[in-house]
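Let's take a friendly look at charged side chains and how they pair up. The sequence and the model come next.

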Amino acid sequence: MSEEDNPNMAEVRNTTENANNASDSGATEITGNTDTAETVNLLHRAFDRRITRPLAWLRNQLHELGRMLSLNRRDIEHAVHLDLGKPAAETALMEIKLVLDEIRFVTPRIERWSRRCHVAMPWLMQPARSWTITEPKGVVLVISPWNYPLMLSLEPMVDAIAAGNCVCLKPSELSPNTSALLQRLIGKYLDPRTFAVIQGAVSETTELLRQPFDHIFYTGNGKVGSIVMQAAGKQLTPVTLELGGKSPVFVDASADLDVAAGRIAWGRFTNAGQTCVAPDYVLTTPKSVEPLARKITAFTRTFFGDNPAESASYGRIVNTKQFDRLIKLLPQDRKVFIGGETDRANLYIAPTVLTNIRPDDPVMQEEIFGPILPILAVNDAREAVTFINRRPKPLALYVFTRHKATRRLFERHTSSGALGFNLPLGHLLSSRLPYGGIGASGMGSHHGKAGFLEFSHIKTVTSKPTFPDTLHLAYPPYTATIRRLSRL
Ligand code: NAD
């Protein structure tokens, strides 16, 4: 196949001279002083000059991103700790490693994923050929939240880079140390013509949302998700919304309670409960409520000791606003099975398990997003399914059971971003699985190939030789022959 036939191939070969060359052709670098509109404009100009198209350039940028993470581990762990009180080991495992994994998974596959894909044309069109090619959407805006401030900024960015886009990243103002570090490091390691970081809060983001983007990828709460979608709608910009909500767990009477308790405790109390896919509440049969609460309690002691406030493995709440919101969800009575201790000065809330909880309790009215775990009683799996289906579609749903029929029931009769049997958070850790929500928990997905496609446009190409000109069979006037052919 000639280069003319396949423009992608020509770029693959012409890449080495372009790779890592940020100063060719008098290109303008985006500096910290450039205003929002000008920054986005410069990104569009860089995209139009096809800087992001050569495969070697893409691979080099991803390699540099990986190098940036490896060489600045300590600074990253320190910044995330300052923002969230997150233990360094947790940042290493749940933030840095996940982005590195994504880079390692995506980089060697870009060429395969972007190959043209031949498709047969209907016989009426013959002779003719058709195929699809993936092309980058253009300049994408990534808006990220504070709870995994590195991972949720860079994982979408890896997918967007792999697909060949320019990226404008807007990290969260609520994790200012990580956001500032990201701005400094991305400016240093990545091509400044094609990637920009804009820091700021509501007014800066509002200004950003007025700019023309080819895709907006937003991670955060649903209220702001709706604002983002409205702003995108004005310019018909496609959006990915990675939102949250209450992710339920069902534990049936057949489940191994020890395993369930350990995994639920890990899922809930990692990052002090501030994980979007953390188990938000547990439904279990009446007889299992207390044994399960006791076993989860035992696991929290194993994880964080008798006084989690002194544990180096236990995180803190991000700020006083979130702390005060969480305090209001804590009941004052016998519903607290374990935990409930708080220290506002240190933004500390102990791992807390609640029992005797009713669906109309405050803790069941919103996503908890903190280290509080209510356990509610239901009679059986069917009641659990009804309970879940009466509420907005969750980002994740977890089921602990030994019964195949129960698995099938949840697989067929519930709808959620992801469904985990005996495994909370597992899908988040794999680049091979699409990650995203449905309904109130979001739209679109990312990670691996799903992320690559989310940031790509699949373009259909058709080609028909001019001789023989069989298409004239379809031209008006519509004769009896044409009518016969259409009936075929
Ligand atoms: P946040 O407050 O950091 O907000 C997220 C982003 O939105 C920030 O960059 C912020 O600057 C921007 N923003 C805030 N208000 C805005 C406005 N009025 N207009 C435009 N932009 C605005 O984070 P958050 O929303 O508190 O994050 C927590 C929520 O995110 C939870 O609901 C959680 O479940 C969800 N979440 C989802 C995922 C996922 O992958 N689906 C991951 C993490 C968090």
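How many salt bridges does the structure hold? This is a predicted model, and the structure holds 19 salt bridges. Side chains of opposite charge can pair when their charged atoms come close. A few of the pairs are worth a visit below.

## A pair in helix α4

Let's begin with E77, which forms a salt bridge with R74. The closest N and O atoms of E77 and R74 are 3.6 Å apart. Both residues belong to helix α4 (residues 73-84), where they sit three residues apart, about one turn of the helix.

R74, with a relative accessible area of 66%, is exposed.

Next comes a salt bridge between the side chains of D101 and R104, at 3.5 Å from N to O. D101 and R104 lie three residues apart in helix α5 (residues 88-106), so about one helical turn separates them. R104 is exposed, its relative accessible area being 54%.

Which residues are linked with D101 and R104 in a network of salt bridges? K97 is linked with D101 and R104 in that network.

## The D306 and R301 pair

Our last stop is the salt bridge in which the side chains of D306 and R301 meet, with 3.7 Å from N to O. D306 counts as exposed at 72% relative accessibility, while R301 is partly exposed, with a relative accessible area of 44%.

How values were computed:
Residues are numbered from 1 along each chain as its sequence is written. This is a predicted model: local features need pLDDT of at least 70, side-chain atom pairs count only at pLDDT 80 or more; totals for chains, interfaces and linings use all residues. Side-chain values use heavy atoms; hydrogens and water are left out. A salt bridge is a side-chain nitrogen of Lys or Arg within 4 Å of a carboxyl oxygen of Asp or Glu. Helices (H or I, at least four residues) and strands (E, at least two) are DSSP runs, numbered from the N terminus. Buried means under 20% relative accessible area, exposed over 50%, partly exposed in between (1.4 Å probe, protein chains only).
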